[in-house]
Amino acid sequence: MPVTSANTHAIRGAIARLNDPNCSRFASQIRRTGGCRQPIHLRGKVEHWDKATGTLLHRYSTRLEPDGVLRVPCKTRRASRCPACAETYRADTYHLIRAGLVGGKGVPASVTAHPCLFITLTAPSFGPVHTRRQHNGSVLPCHPRRDAEICPHGCVLSCTARHGADDDCLGEPLCPDCYDYTGSVLFNAVAPLLWKRFADAIRRRLAKLGGLTLRDMRDQLVVSFAKVAEYQRRGVVHLHAVIRLDGPAGPISSPPAWATLDLLAQAVEHAASVVTAKVPAYNDQPERVLRWGTQLDTRPITMDGELTDQAVAGYVAKYATKAAECVGTIDRRIVPGEDLTALPVRNHARRLIAECLRLGAFEELADLRVTQWAHMLGFRGHFSTRSRRYSTTLGDIRADRQNHARDEDITTGRLPLLDEDTVLVISEWEYAGKGYSPGDALVAALNRSPMPPSPSLVGGDAR
Ligand SMILES: [Zn+2]
Ligand SMILES: [Zn+2]
Ligand SMILES: [Zn+2]
């Protein structure tokens, strides 16, 4: 690294840290965060008391730690904020999704016999954009039109370029002034509602196809979901989902024989085409009805076919760690009154953000909260969600890892081996900051090791 005035400060800080007698403890804290870029600092203590005699058996306090704090992983899912923690999140999501397809983590292997589909729900078109399409390995022309219209803004609505995978124009409208920015933002804003209605419509349709009432179907059949949102380059979300049919007790029970893969596919197709979400009239604009795009991709998941359980789990897990920053927007909320022209984003993203702020000012649209979610281009849903019965939970996977790390602490003597029934554990923790000083960031970079993350806290979960 070339020495500049900006980093002499960092180097001075790093030297001070390296000369600190407690430096090896600092290094060990960093290793235990698994390479987290922005660890949370906690101040506190854990005490183990003998319930019968009132004797203090063991005490851990952060008082003797470097700077009097313990550094623990930030646990973000976003790769743009912390690659190490996002990788943990991705791996956990992968195992969770895969368990719902082939068993494991408390789900029996018999789940592989349940009808199961991987589907993609798309957004409708809001105007032609530059795209890269491929057919049999060769790239097709973007948007070729022989007798192309010329729009009122003077743009020829045709593009014969064969775009490269990294072309900056991908996802950008052929004419930004014709592009329906309003529709794009409103679609993102109602996408969570469309999803909910879609899931309900599948259940209703299955009940109808099975000749049952919705209430009676619950005694025979449960529909489980795991979904993830993916931003398209044009700035709208698509949803990918695993949809599985179970018996009344979830993945441990078989669905009834009438609930076949074919029936599920019919119900999905029906539901995707009928559900709508209404956006109320505002200003001089009439009420608007939004629905999924006509492209629906529905594929069965098989152990060895075209679409395997590993491929699906990998796909869902990959998108679970991404957010709208992949479209070229920013990874934080827009501050009220912020100068949008100063944002380091493409013009297309800037116009989507500006449209969120414009729409957010209408009282009739207040419920959509597009102002607060302008940096997400209007989408305020969860990126990755599962229905209750899908498989295990991320919390359970984390708890497993923490228990494993705690066992290691006991074997290596960091923690006492105590009988949990006779011991009272008192822990007190408080938040004491986040991230690294420039000097500590340098030392952390030197110390980053390929060890798997070990997010256990000595003596208990502080959060
Ligand atoms: Zn982190
Ligand atoms: Zn093009
Ligand atoms: Zn135009």
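The following legends describe views of a predicted model.

**Figure 1. Overall view of the chain.** The predicted chain contains 10 helices and 13 strands. Its C-alpha trace spans about 80 × 65 × 50 Å along the principal axes. Of the 463 residues in the chain, 48% are buried. Among contacts between residues at least 6 apart in sequence, 72% join residues at least 24 apart.

**Figure 2. Close-up of the zinc ion (ligand 2) and its protein donors.** The ion is held by His130 through ND1, Cys142 through SG, Cys159 through SG and His163 through NE2, at 2.0 to 2.4 Å. The arrangement is tetrahedral because the 4 donor atoms subtend angles of 104 to 113° around the zinc ion. For four tetrahedral donors the ideal angle at a metal is 109.5 degrees.

**Figure 3. Placement of the zinc donors along the chain.** The donors of the zinc ion (ligand 2) are spaced as H-x11-C-x16-C-x3-H. Cys142 and His163 both lie in the loop between strand S6 (138–140) and helix H4 (181–209), so the pair ties together parts that are 21 residues apart in sequence. Both Cys142 and His163 are buried.

**Figure 4. Close-up of the contact between helices H4 and H8.** The axes of H4 and H8 (residues 347–360) come within 9 Å and cross at roughly 70°, so H4 is roughly perpendicular to H8. On the H4 side, Tyr181, Thr182, Ser184, Val185 and Leu186 take part. They meet His348, Arg351, Leu352, Glu355, Cys356, Arg358 and Leu359 in H8. By class, the contact comprises 6 nonpolar, 3 polar and 3 charged residues.

Note on methods
Residues numbered from 1 in each chain as written. Chains lettered and ligands numbered in written order. Predicted model: local features only at pLDDT ≥ 70, side-chain atom pairs only at ≥ 80, totals over all residues. Heavy atoms only, no water. Donors = N, O, S within 2.8 Å, 3.2 Å for Na, K, Ca; no water. Tetrahedral: all angles 85-135°; square planar, octahedral: opposite > 155°, others 65-115°. Helix = DSSP H or I, 4+ residues; strand = E, 2+ residues; numbered from the N terminus. Buried < 20%, exposed > 50% of the residue type's maximum accessible area, 1.4 Å probe, protein only. Axes fitted to C-alpha atoms, helices over the stretch in contact; angles between N-to-C directions. Parallel < 35°, antiparallel > 145°, perpendicular 65-115°, else oblique. Contact = heavy atoms within 4.5 Å. Nonpolar A, V, L, I, M, F, W, Y, C, P; charged D, E, K, R; others polar.
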